[in-house]
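Trainee: I would like a close look at a single part of this model. Please take it slowly.

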Amino acid sequence: MSGDFDSVRVVGVSRHFGRRRALSTISLTARSGEIVGLLGPNGAGKSTLIGVLATLVAPSSGEVRYGDRPVRELGPELRHHIGLLAHELHLYPELSARQNLTFFAGLYGLDRQEIVDRALERAGIVDRADDPLSNFSRGMRQRVALERALLHRPRLVLFDEPFTGLDDQAVGLVADRLRVLAADGCIVFMATHDLDLADGLVTRVALVRSGKLVSDEPADADLRARYRELVRQA
Amino acid sequence: MRKAFTPLTILAAAMFAYAPIMIARAPYESTMGLVQKIFYFHVPSWFAMFTAVFVCGIQSAIFLFKRRPSADRLAFAAGEIAVLFGFMGLVTGPLWGRKSWGVWWQWDARLTMALLVQLTFIGYLLVRKYGGPGSDKLAAAMAIFGMFNVPFVYMSVNIWRTIHPPTTVIPKLPAAMGVPFWFCVAAFMLLCLLLLTMRAQLEHRRAALDALYLEQE
Amino acid sequence: MFRRVALLVLRKDVAIEVKSLEVVSTTLFFAVSCVLVFAFALVRDGSVVVDAAAGILWIAIAFSGTLALGRTFERERYAETLRALLLAPAPRAAIYVGKLLGIVLLLGVAELMLVPLVSLLFSTPFFARPLLFVGLLLTGTVGFAAVGTLFAAMLVRSRTRDIMLPILLYPITVPVIIAGVRGTAALLAETPDEPAALMWIALLASFDVVFVTLALWTFEPLMTE
């Protein structure tokens, strides 16, 4: 498919809402195979940055380049390559898991039933595929949401606090899935305030505080101490 | 504009000081008498209002498509000024109507239309104030839609009912009334321009202050 | 891709509504209450003020339409599905068209119940000129929904959306109400005034064209935060 890319470059992106600055001249680059953890306390601007990467939020200044081309050159086609999983599920509770997945597959131009079947299988809910989603537990819904976000095999995978409300087993599953994605050549961004979950999963860490990029470095053992200090300063 | 601002303000003040003299000297209209003289302020305030409405709509479109924050600030200023002149028109209109039609408010076409456009832009200001984050874009949409709505409001209300003196009287005004009338129009347009500049300047300063605050953090 | 996405969104909205019937039933109930409330104001000594039926019908459509718009987009806000829709690889205006068709359909269903009800309560012969009447209803509903869908979609992000929707919507859609009421009243006159009704339909049709075009043109920049 056209418009594919293997790196994402955030170039001097700022975004403010009136007097509140959500992002302040952030620059960073992520390449295929990396899992970039966006770490920072609540309200640090992580979600805004994820929104900018997803083309849902327009930066006040600066730009994001997908494989060296800016958004306006790529057009709607670009969104074929972006998958977003947020804390909100992006699913219709009135519809069944199968209906939800079929609908979103359709939006991406994927008609084949196997795609939906495989996603249901991965989510581990084949036997309850036709129940309304509102009957599911938070963990089950989150698994469906994960499959929904990845239906169209996006190149750029954006996770915004994907672990909230999940039990340990579900967290493990999501984490495994993330590793597989990265190994397959995806670019993964994961925003979280929870260091324990990010630790050992991310390959790079970008620390964000009050909209500013405080550091951007490979994940290492020192991460924990640095993060703690950062949160204390905030 | 900055250099011309003070002389223009003085000019506007002088024009508004002289306007009553001109209006007083203008001949009495036979049927309406003294009340007719409201016309010298009433009609120009509508001119000024619609100028502001179109400035607001066009600047909002520029803001939306070119993402130029200064256009948004100008649109905001124009929105406020449209409402201000709109109130002048809405106050002077019924004063005239009381004498001419015998009631304060008539569901007359142009009066109703003015009220509706006025409502649109009060809505615009309300959204700006209470819309929360992202309300600038909401308000921009309101201004653009409001601007394009003017002909529709005009047509629908006009067919609905008309008892207003037709606008065609203006070109036919005798010179003794025409000169003071156009003098007042010029004074109002100048006032509109000055207020717009001043109000937009205030918004620009406010934005600059916000930028400084952001710098500080 | 555009048509496909618009139709998918429409089909999805219909599927949800068929399952829950929530918006249809609440909107209908509200519309009926509207009719009754206005009936108390406008019926005296058992007879109705001239043209009241036309007015009541359109007021009920406008009020219940606002309610339906709010509920429909509340559904897209609940799990932030609107953001997921905006991520579809199609021109974003397609989402607008899909939602617009859904709202028009919903209001159509409400009108299907409202018109007979008003007709029954006020013994008004709405269908003396069926084609013209349906023309008025259709063009009027599309015009109202075209503006309403755009504003309701934008307001999903706003905290004060409940109050902002009517504040934004009514001043802009006044021409629709005037044209709808006067056009209907023209058809209900002793001798139906067909040229007048046609003229109002023409006005509504041009309103529809202008505002649907405007909405399609502004939807993408408006929906990008």
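Trainee: Does C:Thr27 count as buried or exposed, and why?

Mentor: This is a predicted model, in which local features need pLDDT of at least 70 and side-chain atom pairs count only at pLDDT 80 or more, while totals for chains, interfaces and linings use all residues. Residues are numbered from 1 along each chain as its sequence is written, chains are lettered from A and ligands numbered from 1 in the order in which they are written, and side-chain values use heavy atoms, with hydrogens and water left out.

C:Thr27 counts as buried because its relative accessibility is 3%; buried means under 20% relative accessible area, exposed over 50%, and partly exposed in between, with a 1.4 Å probe and protein chains only. C:Thr27 sits in helix α2 of chain C, residues 22-42. Helices here are DSSP runs (H or I, at least four residues), numbered from the N terminus.

The side chain of C:Thr27 also reaches the backbone oxygen of C:Val23, at 2.6 Å. Beyond its neighbours within four places in sequence, C:Thr27 is in contact with C:Ser64, C:Ala68 and C:Ala110, where contact means heavy atoms within 4.5 Å.

Now to the wider setting of chain C. In chain C, 29 residues are in contact with 30 residues of chain A. C:Leu87, C:Pro89 and C:Glu225 supply 25% of the area that chain C buries against chain A, more than any other three residues. Buried area is the accessible area (1.4 Å probe) that two parts lose on being put together, summed over both. Between chain C and chain A, that area is about 2700 Å², and carbon and sulfur atoms give 64% of it.

Definitions and conventions. Helices (H or I, at least four residues) and strands (E, at least two) are DSSP runs, numbered from the N terminus. A polar contact is a pair of N or O atoms within 3.5 Å; within protein, one must be able to donate a hydrogen and the other to accept it, and residues adjacent in sequence count only if both atoms are side-chain atoms.
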